[in-house]
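Here is a friendly tour of how side chains pack in this protein. Have the viewer ready, and let us start with the terms.

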Amino acid sequence: MTIRTARVITYSFVGLFAFFALRMTPPITSTADGRLLTPFVPAAQPMVTALPPAGIEAPPVVVLASTVSTIDTVTVSGVIHSSLFSALERAPVAGLPRSERAELAYSLADIFEYRVDMSKDLQDGDKFHVLVERLQQPNGAILVNKILGARLALSGNEVEAILFKGSGGSKGEYFDATGKSLRAAFLRAPVAFRRISSIFGGRRHPVLGIWRRHKGTDYAAAMGTPVRSIGDGVVIFAGRKGGYGNVIDVRHRNGFVSRYGHLRGFARGIHGGSRVGIGSTIGYVGMSGLATGPHLHFEILVGGVQRDPRVALKMKGGMPIASSERGVFDRMRSRTVASFEVPEGSTN
């Protein structure tokens with residue numbers, strides 16, 4: 001290629017670029033007195049940026065990402081109609097992802113597991129209020145950092161959970177409105193993730209086909225779901241027993257006996273004489289014995305007599321806050337409860 005030809009091509013390219021640049025540049029107008037007006041470029045209009053000529057190095061553009069996490073609090077409130085999950089999904093809270101709302105439901109179930117069985121104690125029209133500490137990470141992800149306080153209004157009866165860290169250096173524990181720990185001698189349910197299929201009372205037995213008193217509570221759950229002991233105790237029976245199929249009986253310190261039936265099998269080390277702790281896995285959901293599908297049959301026996309677990313396990317709380325710290329707790333509770341009255345979804 002000759003030098004003349006190269007110059008013609010270069011001039012042609014420059015001319016073509018100038019033509020398109022003029023076409024995309026808004027005209028410059030002037031006022032009546034001759035003053036020039038700055039052309040207006042709409043925000044949505046694409047901007048054309050010319051590349052630097054060959055041989056000229058442009059400095060790199062460096063974008064610094066934030067490395068700081070931000071924390072605020074948000075109040076979540078709602079009315080329960082079908083489940084806590086659906087109520088939290090409908091709650092008018094901006095900036096709380098769906099996955100975190102589901103996790104919030106599980107966290108509430110864990111906090112109240114000594115007082116409330118979320119699978120059967122919630123009724124249509126019950127209300128909840130939760131004060132959440134929300135964490136936004138540098139990458140933009142939003143997480144529920146912790147629950148600072150919660151209140152459940154169950155058929156007119158209110159149950160509170162206030163997170164309080166005493167001077168002893170503990171990581172914090174939840175207490176009710178009276179200052180008693182929510183931790184009690186028994187869990188309200190023998191399975192952590194659950195839905196109930198029948199409740200204590202009369203029903204037609206699905207296998208025998210007759211109407212008889214169903215002295216216990218059934219928890220429908222997937223085959224193999226871990227079953228946990230509701231309290232500290234000693235296994236007094238682990239084996240097969242009639243219509244119960246594989247069953248475990250645990251005797252507790254107050255004389256209560258908890259019974260777990262239709263199990264697929266027992267956890268390692270579970271046999272007569274084994275000591276178990278509250279919440280420890282003792283077996284797995286199955287359908288042994290007179291069962292039409294996988295579920296757990298759960299009973300409480302008091303003095304050898306079967307009792308409704310909802311009544312027998314209704315506890316009023318554990319150890320109270322030390323009297324020297326009661327004033328601090330009361331002030332913290334007052335602030336937390338006041339936040340429940342803030343309009344839904346408000347941040348602090």
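## Ground rules

Buried means under 20% relative accessible area, exposed over 50%, and partly exposed in between, using a 1.4 Å probe and protein chains only. This is a predicted model, in which local features need pLDDT of at least 70, side-chain atom pairs count only at pLDDT 80 or more, and totals for chains, interfaces and linings use all residues. Residues are numbered from 1 along each chain as its sequence is written, and side-chain values use heavy atoms, with hydrogens and water left out.

## An aromatic cluster

Rings of Phe, Tyr and Trp (its six-membered ring) pair if their centres lie within 6.5 Å; planes under 30 degrees apart are stacked, over 60 edge-to-face, and the rest tilted. Phe164, Phe175 and Phe329 make up one aromatic cluster. Phe329 is buried at 0% relative accessible area, Phe164 at 5% and Phe175 at 8%.

Phe329 lies in helix H5 (residues 326-340), so here the parts tied together are 165 residues apart in sequence. Helices (H or I, at least four residues) and strands (E, at least two) are DSSP runs, numbered from the N terminus.

## Charges over rings

A charge sits over a ring if NZ of Lys or CZ of Arg is within 6 Å of the ring centre and within 35 degrees of the ring normal. Lys241 places its charged end over the ring of Phe237, 4.4 Å from the centre.
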